[in-house]
Amino acid sequence: MWNDVQYCTHGKPPPSPQPKPDCLKTAPNYVVLHGKPENTHDYLLSPSCRITGIECPFLETSEAANYWNDAWENARRGGGVPVVYPNIGLGMNSQAARRFNQMHIHMAGIRESTQKRLQGLETEGRVAAQPSQWNEPHYQVAISGPQGQGDRTYRALMLPSLGQNLFALLDRYVVAPSGLEMAKQTLIVVPKMTAAGFAGTFYVLNSDESLHDGTNTCDYLLVYD
C-alpha cells in the first residue's frame, strides 16, 4: 500500500508485477484508494506520509493530521469519495488483523442493524457521553456482526464531532489506564443517521481481545461487499 501511496503522491510506479492503483483522491495529507472488492462502498484512506498503523505514537500528537475527519469528509454523502450505502462505517484494524503495514482507514458500509443497535444503546444510557467514561464497564456493549457469527463486545462512546484526536483519546482513557497495547486495538466510527440524514454526532467504538468476546478487527461491523 505504501507503494500505491507513493505513486499517487509522487508518480513513482510500484514495483512489478504490482499494478498502478486508481488514485481516487490525492490531498496534501492523504490519498483515497479502492478497497477490495472494488465497489462504491469500499474505500481506503491512507496518509501521504509513512505511518505503519494504529500503534504509531505519532498519531497521538498534534502534528498528525485528523485522518478520521478526513475519512468522514470523503465518505459522507456529497463528500470527495462518497460511500454509496445507507449507513457508513469507518474503521481501523489492529496490527495483527491488518494486511498492510501502511496505515489506512476503511471507508465502507455498515449494517442497518448496527445503526439501530447503537441508537437503542444510546437510548438505554449505554453509550458514554464523555471520553473519560469510555473505559467504564457499563459502556461495554454487545453488537452483532454478520449473521451466524455472534456478538462482539465494544466500548461505546458518543462524540459531537471528529475534531478531537481519537488515537489520543483512546490511549489516554482506555489503553493506558488498563495497561493495554495500542497495537492490539481496533477503532470504529459510525455516524448517527436518522430518516432525515446525518444526525450530527458520531458513535466511536473500540475493542480488543482483552474484553470478553472482544475483537481486534473492525471487519465484524463493516460491510465491504
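The model is predicted, so local features are given only where pLDDT is at least 70 and side-chain atom pairs only at pLDDT 80 or more, while totals for chains, interfaces and linings use all residues. Residues are numbered from 1 along each chain as its sequence is written, and side-chain values use heavy atoms, with hydrogens and water left out.

We start with the backbone. Most peptide bonds are trans, and most residues other than glycine have a negative phi. Serine 16 and proline 17 are joined by a cis peptide bond, with omega about 5 degrees. Proline 17 sits in the loop between α1 (2-10) and β1 (25-26); helices (H or I, at least four residues) and strands (E, at least two) are DSSP runs, numbered from the N terminus. A cis peptide bond also joins lysine 36 and proline 37, where omega is about 5 degrees. Proline 37 belongs to the loop between β2 (30-34) and β3 (42-47). Aspartate 213, a residue other than glycine, has a positive phi, near 65 degrees. Aspartate 213 is in the loop between β9 (197-207) and β10 (222-223). Its relative accessible area is 44%, which means that aspartate 213 is partly exposed; buried is under 20%, exposed over 50%, and partly exposed in between (1.4 Å probe, protein chains only).

Next comes a residue in a strand. Is threonine 186 buried or exposed? Threonine 186 is buried, because its relative accessible area is 0%. The residue is part of strand β8 (residues 186-194). A polar atom of the threonine 186 side chain lies 2.8 Å from the backbone oxygen of methionine 92. Grid points are joined across faces, edges and corners, and a volume is the space filled by probe spheres set on the points. There is one cavity of 30 Å³ or more. The largest cavity has a volume of about 50 Å³, and its lining includes Met92, Asn93, Arg98 and Phe100. The largest pocket holds about 550 Å³. Of its 23 lining residues, His34, Gly35, Lys36, Leu44 and Phe100 lie nearest the centre. The lining of the largest pocket takes at least two residues from each of β2 and β3. The second largest pocket, of about 200 Å³, has Trp72, Arg76 and Met193 among its lining residues.

Finally, the nonpolar cores. In soluble globular proteins, nonpolar side chains tend to be buried together. A nonpolar core is a set of buried Ala, Val, Leu, Ile, Met, Phe, Trp, Tyr and Cys residues joined through side-chain atoms within 4.5 Å. The largest one has 39 residues, and Trp68, Leu90, Met107, Leu166, Phe167 and Leu187 have the most contacts inside it. Helix α4 (residues 166-178) gives the most to this core, six residues. A second, separate core has 19 residues, among them Ile110, Val127, Ile188 and Val190.

Definitions and conventions:
Polar contact = N/O pair within 3.5 Å; in protein donor to acceptor, adjacent residues only side chain to side chain. 1 Å grid on protein atoms, 1.4 Å probe; cavity = no way out; pocket = protein on both sides within 12 Å on 5 of 7 lines; lining within 4 Å.
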